[in-house]
Amino acid sequence: MKTLIEKSIKVEGIGHPNTKTVFDLNVIPVLSEEATLSERIEVDNKKIENDLITKSNLFTSLVKISGRTLGILFKYTENKITKDGKILVTIPKTSVEEEIKDFIISEINKSLK
Amino acid sequence: MNPIENLKTFPSKPYTNVTGRERILFVDPKDAKRGTTPPVNYMELQTLASLVNSGSMQFENIDYTTLYNKSVNGELVPGQWYRLTDYKSVNFLNGYRIAQSNPSSAPNFDPREVYQGTEEVLLLQAITEYDIAPIGYSETYPEDIVQYTSFVDAIGVPLGLNNGGSLPDSSTISGFDLQWDGTNVYFEMPTGYPVLFGHPFYLYMSFSSGFDSLDNYYLPLNPTTENATYPVSTVNSRIKIENNGTKIILLDLVEQDYLDYDSNSLYVETVYKIDDAYGWITKRTDTIRNITAPFDFRARKYRRFECEVFGLITSIGYLATGTTATDGTYIVNSYASTTVQGSAATFKVVVSGGAVTSVSIYNPGRLFAIGETITIDGISIGGSSGTDNVTISILDVYSQIDYFGQGHYYNGATSTGNYKDFKCFDNLGGAFNILWNDAGSPDMDYGLGINDNVVIMQSFIGNVINAQFSNNTLRSCNNNFIDSDFNRNTITGDFYYNEIGKSFSDNIIADGFYNNIIKSGFFSNTLLPSFNGNNINIGFSGNVINDSFINNDIGNYFSNNIINAYFQNNSIENNFQSNNIGTDFQGNVILSSFSFNDIESYFYNNEINNTFYNNIIGNYFQSNIISTQVFFSDFVLSGATHVYGVYNCTIFLRSNGTTQLSYVDGTNTVQYTSITA
């Protein structure tokens, strides 16, 4: 079974090579009341990292690629082995970033079937 | 004598001018002694201008249009000196970021208004047919050294181009694809939008249904044949600009690439011209005032609007009606709030008998306003969310209204309010209110985000640096926003009311360090005097503070620090270990884990909520509350046994003012005895 690693998604043609998008942000886990100190510190660090990414000059909304045809690079796992993948997509025209993000993930998952 | 040859051998060979007096033509600002005016090892500069007047040098007088055309056409004469008669600095009056985002305008606020400085004569030498030497001079400001780029003739904002996209004139782009003329693969820019030299240029296209791609960044675009600066894609190509920036030839692509090209995949990022520029100074040094900055600070002005600068909370009221909170003292830094700009305030909440008995300001924070409210969730004080909530009202703040920031970028300043236009530096050479990324290249930092080797020997106030700030020397430094790392800098004066987005490391601060916010990591810094009222989220280690350390709020991990004086009224969330404190350690709250510390003198009125062990306290150990396990602690003056026992002890203060220790014996009976028993 092939499983997409969402944080590995890179959008080609989005600009400066160090451009960051919503795919580069850490997923912040919800801490339980019994969370250990190291778990809480890890969450704090992830929040700071996300804050720095979103405040950077190079953080770009996916709306920037609306309507364009470009390559999407990603990694996926298959039988515990990490592999590289790439697809060419035409992004729908929309001003809603979440729609573009969901579209990209959906297209990648289709390609992995 | 050729003065340029003399420059190369400086400082060993001073130049003798026509009058016979010795002068030094060029000095490195980094050689200056800090804190002296004028720098003691500088001698009076003799500019090339006086050499012109004396007839010993030959300059070609040139205006900018002619210089630009010679640069882009490769017609400069290598070695020739040019006297540029009409250079002018240009900048976005409200800063580059606002020009880029282009918010709505207001009567005194045009987001893309360009300020043009007064005319200045520059003395420049060509080193190739296209390029000017990195060292140039100013006839208008003889004490200056300038680094100048000749082929930047426009100031503008980013523009992305692809089929289906929109141009600034609202028309839709079509037919923007690769073409083949029998010899070259090329494309043409939309009419009216040529590429601009001196600005970054980004190019993307895909081939064979996305199997290959060309993803190249040219930084900056210059008149010669250009290689891609970031060759990260499977296909790369040099480009050549023709027809005044309207035709782009991809020199390394062939006909098969054209045939394999995916239609509509061509995407270009360029710059849309807003106004004229007259070349660009990318570095300027004032050798007398000892200022170096990565932009032309002489002629720029920035518009500032009135806004709140401080907003420190000075008076609060509170409402708390719950009765099921957990007794104790809480330092709360997490809450909901109605504040627009306020941050970093903390509050001390005391709960007794399940109810809140007092709420006080622990850290006043900044940028709060009267009338705003803060709600502490009851869970934060060991109670129930909702019923045990504490609502704090801000009754008064320490306020100062001043002209800060740029446009409405800072502190919620309204762009319809009072404003003034400020020069970059004041008469003493202090740097005020600069959006630091609005510097260096005409497109600011090209996203590289590094500000290095800036020397400002005066104040550095109200600046915003959206990137790293390293290896710089400043005097006092306050009310600045630095979004990333601040490291290896030397601050010769006070450092206060600054906000650092990431880490703060390897800096030397010669004076007070107070009321700063550091999001992540304070490491290996040397602070000569006090460190007070600061908020550091995670990590404080390897630092030396030679004086007091008071009223700070540290998130986690305070370790391996040397504090040579008072350590008072601080809040540390977790892990206070392996520190050396010179004198009093009092009134501090440490939520968890206090270990392997060496406190040479008084240790009193502290609260450590969990695990206290392997510490050395040189003198009195008084009035401390350690609410759970205490083991292996080391009290020098006493022959204590219980505190050394491998079982739980509680040390507390009785109502009669005496300390007491309690423990549970083997029959489950609570025993009360002396702390030194």
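## Basis of the model

This is a predicted model, in which local features need pLDDT of at least 70, side-chain atom pairs count only at pLDDT 80 or more, and totals for chains, interfaces and linings use all residues. Residues are numbered from 1 along each chain as its sequence is written, chains are lettered from A and ligands numbered from 1 in the order in which they are written, and side-chain values use heavy atoms, without hydrogens and water.

## Strand S7 of chain B

Strand S7 (residues 120-125) of chain B is largely enclosed by the rest of the structure, because six of its six residues are buried (under 20% relative accessible area, with exposed over 50% and partly exposed in between; 1.4 Å probe, protein chains only). Strands here are DSSP runs of type E of at least two residues, and helices are runs of H or I of at least four, numbered from the N terminus.

Glu120(B), Leu122(B) and Leu124(B) point one way, and Val121(B), Leu123(B) and Gln125(B) the other. Five bridges join S7(B) to strand S4 (residues 81-87) of chain B in antiparallel fashion; two strands pair if DSSP finds at least two bridges between them. Leu122(B) is the bridge partner of Leu84(B), and Leu122(B) also has Ser138(B) of S8(B) as a bridge partner.

## The open sheet of chain B

Four strands form an open antiparallel sheet in the order S11-S12-S16-S15 (chain B). Its edge strands, S11 (179-180) and S15 (239-242), each pair on one side only. Trp180(B) has Val185(B) in S12(B) as its bridge partner.

## Helix H2 of chain A

Glu98(A) lies in helix H2 of chain A and counts as partly exposed because its relative accessibility is 46%.
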